[in-house]
Structures are given as structure tokens and as C-alpha cells.
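Subject: Structure for your files

Hello,

Please find the structure below. My notes on it follow.

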Amino acid sequence: MAEQKTVTFIITRQDSPDSAPYDETFNVPYRKNMNVISGLMEIRKNPINAKGEKTTPVAWDMNCLEEVCGACSMVINGVPRQSCAALVDELEQPVRLEPMSTFPVVRDLVIDRERMFDALKQVKAWIPIDGTYDLGPGPRMPEKKRQWAYELSKCMTCGVCLEACPNVNDKSNFIGPAPISQARLFNSHPTGEMNASERLEGLMEEGGLVGCGNAQNCVQVCPKGIPLTTSIAAMNRAATVQSFKNFFGSDNAH
Amino acid sequence: MAEHREYFYRRLHSLLGVVPIGLFMVQHLVINHFAVYGEESFNKAANFMHNLPFVLALEIFIIYLPILFHAILGVYIVFVAKNNVRRYGFVRNWLFFLQRITGIITLVFIAWHVFETRVQVALGASLDYSLMEGILTNPIMFWFYVIGVLSAVFHFSNGLWGFLVSWGIAQSPRSQKIVTYATILVFLVVSYIGIRTLITFAYGV
């Protein structure tokens with residue numbers, strides 16, 4: 001049998017939310033077409049580091065394994081992305097894995113993305129359709145609008161745009177690009193539009209729209225190619241109009 | 001408005017950078033350009049500006065207060081950013097970084113410049129060509145002024161782009177790109193006007 005090829009992973013680990021991070025190296029047997037997650041699974045199966053010491057298995061988060069859930073995001077060779085979609089054959093060796101630094105680390109590569117879900121609540125990123133009676137079908141949506149709104153709906157709250165944003169950090173309360181784009185998605189929906197001002201009010205609250213400094217890293221790194229900066233500019237315009245309506249008064253300020 | 005304090009202050013910050021601060025800066029550099037047409041020409045223009053009716057009120061409300069507000073909030077904005085151009089070397093990210101660097105340089109430059117000119121005039125120095133000539137014939141001060149003027153003009157030009165995006169005027173990627181080219185042109189033209197004047201003061205040509 002030919003000599004077993006290996007893949008080297010250098011992983012930034014952390015035992016608990018408050019403990020100090022450290023690097024640990026692992027050599028994992030190579031398999032054709034393996035992704036970063038299958039490498040992590042090998043480590044879990046056989047948690048022995050490159051020095052031959054037995055260690056704790058590396059913890060990470062995952063769910064769908066097809067780049068639609070956003071759970072397995074981590075920084076791979078300096079680039080924040082989904083580990084399920086990161087094929088080892090396409091990566092430079094050794095492969096460096098770090099947790100996304102914008103979020104609190106739970107353990108090893110597992111991060112807590114709760115701030116993103118809080119932000120979605122702040123901008124009311126949903127469509128309220130519950131009533132005491134059947135509200136019936138909503139208005140129809142123009143096909144052209146549906147096409148670009150569909151692109152926005154691909155957001156999986158993965159956190160990559162927040163990781164790349166220079167204004168999302170522990171010194172600022174900026175909610176980041178993703179929830180701003182989600183507010184645009186639900187404001188573009190014909191039923192969601194009926195509550196448009198509530199989402200704009202959420203965007204005008206602390207940490208909202210004005211936290212954006214237009215560095216535009218988000219649109220470059222989004223794994224789904226969502227036009228985040230267009231969304232931010234669109235919400236900037238909508239918020240401007242809304243604030244004038246609020247101040248001067250308007251029958252269309254809903 | 002009270003419940004959207006941060007929103008209001010940040011939008012005001014963006015607006016003040018263009019109107020009146022940006023407009024004032026362009027006007028200031030254009031008036032100074034009279035120096036290129038000769039000492040007398042500059043003195044006449046400077047005297048006209050200095051003797052405008054309500055000049056102190058104009059200075060306070062069009063220059064001092066807006067710049068003070070823009071500077072204080074601006075330093076805070078610089079402080080809350082965590083620049084990452086090494087990891088994400090995109091053009092816009094560099095411009096974001098430079099916007100913060102030039103903001104700080106411009107603040108230092110303006111503080112020095114106001115002390116050296118407006119404060120000295122208030123204390124009795126005469127406002128004329130020789131005041132600036134005296135400052136700028138020193139090569140160290142000349143280069144300090146070159147860096148200061150370029151920083152201020154860059155900060156204004158790039159800030160103009162930011163203003164158009166932050167107020168939602170330029171929304172599509174195409175419009176944002178064309179505005180980028182337009183603001184590069186603004187940077188080149190206004191920089192030329194400013195630097196040309198500095199050269200006249202320093203070298204008399």
C-alpha cells in the first residue's frame with residue numbers, strides 16, 4: 001500500500017468562554033474530496049494531536065452540510081466561510097482554523113451568534129400575518145421585484161459579513177449588514193410592506209443603520225453573493241424618507 | 001427624534017461634513033488661490049472676507065460649531081472602528097481606513113492652522129500675504145501644510161461619496177462606482193487649487 005497522505009490542521013482552541021485560546025496541530029489521514037468538516041470528524045474519531053498526545057476532541061457547530069444553514073462558519077486560512085463548503089483540495093496546507101472573532105466563543109470553533117438573532121428582532125425581520133380571523137391572501141408581488149428579493153432571502157445568518165465588517169466589534173453596537181438586508185427583504189414583500197415603518201424604526205435605533213461606515217467588505221465576502229451594500233444604501237434612503245415623514249408628518253408614514 | 005439620538009447625530013455628522021464644512025473648505029481654498037495672481041490680489045480678497053458683515057457670527061455658525069461637532073463625533077467614530085485592511089485589502093476598505101487616518105491628520109492640521117492664523121490675527125497680527133509667506137517659506141511647515149491640505153481634501157472628497165451613500169442617494173453599485181470616479185475628480189481639482197497656492201506662498205512662483 002502507498003504511504004498514507006495526511007492533511008495538517010492548525011486549530012485555535014479555547015476550552016471555555018473565559019479561558020485563553022491556544023493553537024493545537026493535528027495530522028489527519030487524507031481522503032479524496034474531503035472538506036474541513038470531514039477533517040474535524042476524523043479528529044473527533046481519533047483525538048490525538050501532532051505530538052502524539054491524546055487530547056479532547058475539537059468542538060465545532062454544523063447542521064445542514066450544504067451551505068444553507070450558516071452554522072458551521074469559521075475563519076479558514078484567514079477567510080471567514082462555511083467549513084462544509086471548504087474543500088481541502090482547494091486549500092493551502094497547513095489548514096488554519098479559527099473561530100470568528102466577532103462573536104463570543106463557546107468552545108473551540110463554536111461561537112454564539114445570538115447578537116444576530118437579537119438584531120433580527122430589533123428590525124422585526126418577519127411578516128406578521130396572525131389575526132383573530134383569516135386575513136386572506138396578500139397582494140401579489142411583481143415578478144421583477146421577486147427576482148431581487150429572492151437574492152436577499154438567501155441570507156442564512158452565518159455571520160461572515162459581521163466578521164469582515166470593521167465597524168462590528170466589541171467597542172461598537174452596530175448590528176451589522178445582514179439584519180439591514182433582511183429588513184429590506186421584508187419591506188419589499190407586499191404584505192410585509194404594511195409594517196415597513198416598524199422595521200425602519202428598528203434600523204434607526206441604537207446600533208442601527210448609521211453604524212455602517214461603507215467599508216463594503218460585507219458584499220465582497222458574503223458566501224451567498226447578497227448585494228448587502230445595495231441593501232444598506234436602499235435602507236439609508238428609506239430611513240431618510242421615513243425620518244422626514246416622522247418629523248413633518250405624513251399620512252403614508254405607516 | 002429623541003428616541004433616535006444616535007441616528008440623528010450620525011446623519012447630522014454626515015451632512016455637516018458637506019454643508020457647511022466641505023463648502024467652506026472649497027471656498028477657502030479658492031479665495032486663497034488669489035495669491036497666485038499676486039500679493040495685492042490676495043490681500044484684497046482676504047480683506048474682503050475678513051470684513052464681511054457679521055463675520056464673527058458667520059465664523060461661529062458656519063465654521064467653528066460645525067467643525068467642532070464633526071470633529072468630536074468623528075474621533076469617537078475613529079475609536080469604535082477595528083480596521084482590518086491587512087486581512088481584507090479591498091479598495092473600499094482602504095478608503096474607509098484612510099478616511100479615519102485623514103480625519104485625524106486634518107483635525108491636528110486645522111487646530112494648528114487656526115492657532116497660527118485666525119488666533120494670531122485676533123491677537124493683533126495683520127492678515128495679509130506676508131503672514132502666510134512667513135509660515136510657508138519654512139520647508140517643514142510647507143510640507144506639513146501640503147499633507148494637511150491633501151488630507152483635508154481627501155477626507156472631503158471621500159466623505160462626499162459617503163454622504164451620497166449614507167443618505168441613500170447613490171444606491172445601485174453602478175451609481176456608487178460613478179460617484180467614486182466623480183469624487184476622485186473632485187479630489188484632484190481641489191487638491192490642485194490648494195497645493196498651487198501653497199507653492200506660491202512658499203516659493204513665490
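In chain A, the C-alpha centres of domain 1 and domain 2 lie 31 Å apart. The domain assignment of chain A puts domain 1 at 6–111 and domain 2 at 114–248; such bounds come from an automatic or database domain assignment. This is a predicted model, in which local features need pLDDT of at least 70 and side-chain atom pairs count only at pLDDT 80 or more, while totals for chains, interfaces and linings use all residues. Residues are numbered from 1 along each chain as its sequence is written, and chains are lettered from A and ligands numbered from 1 in the order in which they are written.

The contact between the two domains takes 12 residues from domain 1 of chain A and 12 residues from domain 2 of chain A; two residues are in contact if their C-beta atoms, placed from the backbone, lie within 7 Å. On the domain 1 side, E4(A) gives the largest share, 3 residues. Helices (H or I, at least four residues) and strands (E, at least two) are DSSP runs, numbered from the N terminus. The domain 1 side divides into 5 nonpolar, 5 polar and 2 charged residues. Here Ala, Val, Leu, Ile, Met, Phe, Trp, Tyr, Cys and Pro count as nonpolar, Asp, Glu, Lys and Arg as charged, and the others, Gly among them, as polar.

Next, the sheet. In chain A, 5 strands form an open sheet with mixed pairing, in the order E2-E1-E5-E3-E4. Strands pair if DSSP finds at least two bridges between them. Strand E2 (22–29) and strand E4 (79–82) of chain A are the edge strands, each pairing on one side only. On average, neighbouring strands of this sheet are turned by 35° against each other, direction ignored. Axes are lines fitted to C-alpha atoms, for helices over the stretch in contact, and angles run from 0 to 180 degrees between N-to-C directions.

Strand E3 (residues 73–76) and strand E5 (residues 95–98) of chain A run antiparallel and are joined by 2 bridges. A:Ile76 has A:Leu97 in E5(A) as its bridge partner. Helix H1 (residues 36–45) of chain A lies across strand E1 (6–13), E2, E3 and E5 of chain A, and runs at about 95° to E2(A).

In chain A, the axes of helix H5 (residues 177–188) and helix H6 (residues 196–204) come within 9 Å and cross at roughly 170°. H5(A) and H6(A) are therefore roughly antiparallel to each other (under 35 degrees counts as roughly parallel, over 145 as roughly antiparallel, 65 to 115 as roughly perpendicular and the rest as oblique). A:Ile180, A:Ala183, A:Phe186 and A:Asn187 of H5(A) make the contact with A:Ala196, A:Arg199, A:Gly202 and A:Leu203 of H6(A). These residues divide into 5 nonpolar, 2 polar and 1 charged.

In chain B, the axes of helix H1 (residues 5–32) and helix H7 (residues 173–203) come within 9 Å and cross at roughly 40°, which makes H1(B) oblique to H7(B). B:Val26, B:Leu29, B:Val30 and B:Asn32 in H1(B) meet B:Val190, B:Ile193, B:Gly194 and B:Thr197 in H7(B). That contact has 5 nonpolar, 3 polar and no charged residues.

Last, the contact of the two chains takes 26 residues from chain A and 27 residues from chain B. On the chain A side, helix H7 (217–221) and helix H8 (228–248) are the elements that give two or more residues, and H8(A) gives the largest share, 8 residues.

Regards
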